[in-house]
Amino acid sequence: MQYTSKMSIQAKPKSRTTHTWQVLALYMVLAANLSEQQGLKQACPSCDASQLCSCSSMGLDFIPLGLTPKITLLNLAHNRIKRIQSQDLQQAVNLRALLLQSNQISSIDEDSFQSLAKLELLDLSNNSLAHLSPLWFRHLFSLQHLHLQGNSYRDLGQSSPFSSLGNLSSLHLGNPRFSVIRQGNFEGIELLHKLWIDGSNLSQYEQGSLKSIKAINHMIINIRSINIFSEIVRDCLHSVTWLEVTEIKLPVLKKSLVQNSTSPFRIQKLTFKEAFFTDQSLSRALVLLKEITSLKVLEAINCVLEGQGIWNTEEITRSGQSFVETITIKKVLIQNFHLFIDLEGMESQITNLKRLTITSSNVFMVPCKLARYFLSLLYLDFHDNLLVNNRLDETICEGSWPSLQTLNLSQNSLKSLEKTANYTSRLPTLNNLDISQNNFGEIPDACTWPKHLKYLNLSSTQIPKVTKCIPLSLEVLDVSGNNLQEFGLQLSNLKELYLTRNQLKTLPGAAPLPNLVALSVRRNKLNSFSKEEFESFRRMELLDASDNHFICSCEFLSFIQHEARLAQVLVGWPDKYVCDSPLAVRGAQVGAVHLSLMECHRSLMVSLICVLMFLVILLLVAVGYKYHVVWYLRMTWAWLQAKRKPKRAPPKDVTYDAFVSYSENDSEWVENTMVRELEQACPPFRLCLHKRDFVPGKWIVDNIIDSIEKSRKTLFVLSEHFVQSEWCKYELDFSHFRLFDENNDAAILVLLEPIQSQAIPKRFCKLRKIMNTKTYLEWPAGEEQQQMFWENLKRALKS
């Protein structure tokens, strides 16, 4: 126990020391990783926290440190990297694409790509690799695309550098120094979608080198040696589907291209690019190519023909029928074009041809005799040539092109639409005609067209309008780029209409186009279109109204933003639909603009404000009528006028002793009792009564004020009826004010019946005040007291 305890005690310092070293080591590793990541960030900032690391054209001379498993694409193209070392890519285990083209790489360590098992694309093109090692690629099991062209290697080695690349789909290799292809160089590759070989100086090809590849969809090779060309063609007969040969100067071939080969062959398409032919080499090639029975498509692009068309037609005819169905000739230069003959004797070689394209090659006619032998031709493209109407008469003569369905005469020198239509009407089966980019300038009112024409392209032909010259049988019509201002043709069969780059301000009418499915009005002067216009096209599936100057009105925005089907129909929605006005939303996408309630319903808001104002005025009128505001205003005006007059009228203007103010209900007592008593007194008093003395036709208030001014006193006959009378309450109000303002002593109050001062309305406030401060006469019930009343009243009137 004692021994064990000592051992335990001695072990503790050692354990502590070990732990310290582990922590220190971990710290150093973390510090190194952080340092590497910091270095990566400094060398290539875009790599920071990103799966796509782009470090191209940054002057790097090494692969940056700190690459992590997070990175899936690493772009180091166009730098100065010279070497790839083992540890450079060790951590980038999830890399899918590695771009190292256009560097100075001359050395690659054998295990540099060992950790890149998921790599699918590797581009090492345009570097300085003097040789290729199979050890580089042995761990790239997922590699699909490999680019090795533009280096300095002369061959691929003694064996195949691609033996472990079982999933390879495209391979680019070769360079100006590349000169040898050996048997076994392509072992391990079974299927390729694309093989591109730069063999411009290829001088040695071992027969059978490409046979190890079982299938190649598209093979491109630039080659100058005709012998090597023949060998490659023989090796590719059973593997390549499309063979493209560039920069070859084709001599007169003597040996068969299918020597020692048996059909069936795989090659279906042969393309010559930037090749050079002579009459003799082309004539011989036409004979030898017939041996490749699988060949269906023959192309010549950017080629040169030195000759006059003097071919060995007898040998060509003896070699039998050609199996080629499609011939495409683009930008072929015939050096002695003006001397080229009419290919007489080739008639038997074209009867089975189905598709012929000759573009940008200065074709100005086809002899009628030759045209009548294109018995099976379905498609003819003479785009961008020198055809004119006079020559077209012979090119499309009676009986020519009997099976032709599609004809492209665009971008030629045709001037008469009427003649062009008439000539093409000779083609009984034509249903597709493209005569765009010809300068017709005018369009007749009627034309004769092929009976079964379905598609017509009249775009960019300078026609000013559309007329009934347009055939009724059309299903597709393109009149783009003609500055048309309207389209109103009745075309009941039309399904597609293209009106791009015109001057239309509205959509064409739907009624004449009942079966329209697709419509393009892109780049016109369209401001908007309504829900009714859109829905009138019942079969519409595609509408391209993009690149117009839309007025983003509320109605248009409401329709276009809330019509669910519209977003599915509009082509280019929402990016290509931009507001031009109002100015506040110019440049904004139509789908993102939202106008305010005031902007959207301006007329409604104005109408609503007008209605509210009318209602307010109506309410004020009703209130004014109910509370006699008009009377108040008129009385106020009269009172103000009266205020400006002298407070007392001149004596000569005083006509009456008293103006009597009384209620109509008290008129019997006033007129039969008081008037008789006062006016028959000695001397008599002159009283002013409104019934008797007011001037007829004069405003009542003016009558009252004038009468008060012409009277020495004002006699108020007070009763319950008086203080409740509308007459007294409104019509005499301001006369009371003036009277009280001038002289309270001029008022005589006669209380016809007992009345409480609280019963007097508030508007008679001065009258209430006088009743509280001044003695008034009270009409008694007894006759003796009545006599005393009259004496007091007369005394008051005289005072």
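A cavity here is a set of points, on a 1 Å grid over the protein atoms alone, where a 1.4 Å probe fits but cannot get out. Grid points are joined across faces, edges and corners, and a volume is the space filled by probe spheres set on the points. With that, a search of the whole structure gives four cavities of 30 Å³ or more.

Some ground rules. This is a predicted model, in which local features need pLDDT of at least 70 and side-chain atom pairs count only at pLDDT 80 or more, while totals for chains, interfaces and linings use all residues. Residues are numbered from 1 along each chain as its sequence is written, and side-chain values use heavy atoms, with hydrogens and water left out.

The largest cavity holds about 60 Å³ of space. Lining residues have an atom within 4 Å of a point, and for this cavity they include Phe-229, Leu-250, Phe-272 and Ile-292. Which elements each supply at least two residues of that lining? They are helix H2 (226–236), strand S14 (269–273) and helix H3 (279–289). Helices (H or I, at least four residues) and strands (E, at least two) are DSSP runs, numbered from the N terminus. By class, the lining has 12 nonpolar, no polar and no charged residues. Nonpolar covers Ala, Val, Leu, Ile, Met, Phe, Trp, Tyr, Cys and Pro; charged covers Asp, Glu, Lys and Arg; the others, Gly among them, are polar.

The second largest cavity has about 40 Å³. Among the residues that line it are Phe-382, Thr-395, Trp-401 and Leu-427. Its lining divides into nine nonpolar, one polar and no charged.

Now to burial. Buried means under 20% relative accessible area, exposed over 50%, and partly exposed in between (1.4 Å probe, protein chains only). Helix H16 (residues 700–709) is largely enclosed by the rest of the structure, because nine of its 10 residues are buried. Among those buried residues are Ile-700, Asn-703, Asp-706 and Glu-709.

Two single residues next. Val-611 is in helix H12 (residues 602–626); at 44% relative accessibility, Val-611 counts as partly exposed. Asp-580 sits in strand S30 (residues 579–581). Is Asp-580 buried or partly exposed? Its relative accessible area is 28%, so Asp-580 is partly exposed. Val-590 is 10 residues away from Asp-580 along the chain, and their C-alpha atoms are separated by 9.5 Å.

Conventions:
1 Å grid on protein atoms, 1.4 Å probe; cavity = no way out; pocket = protein on both sides within 12 Å on 5 of 7 lines; lining within 4 Å.
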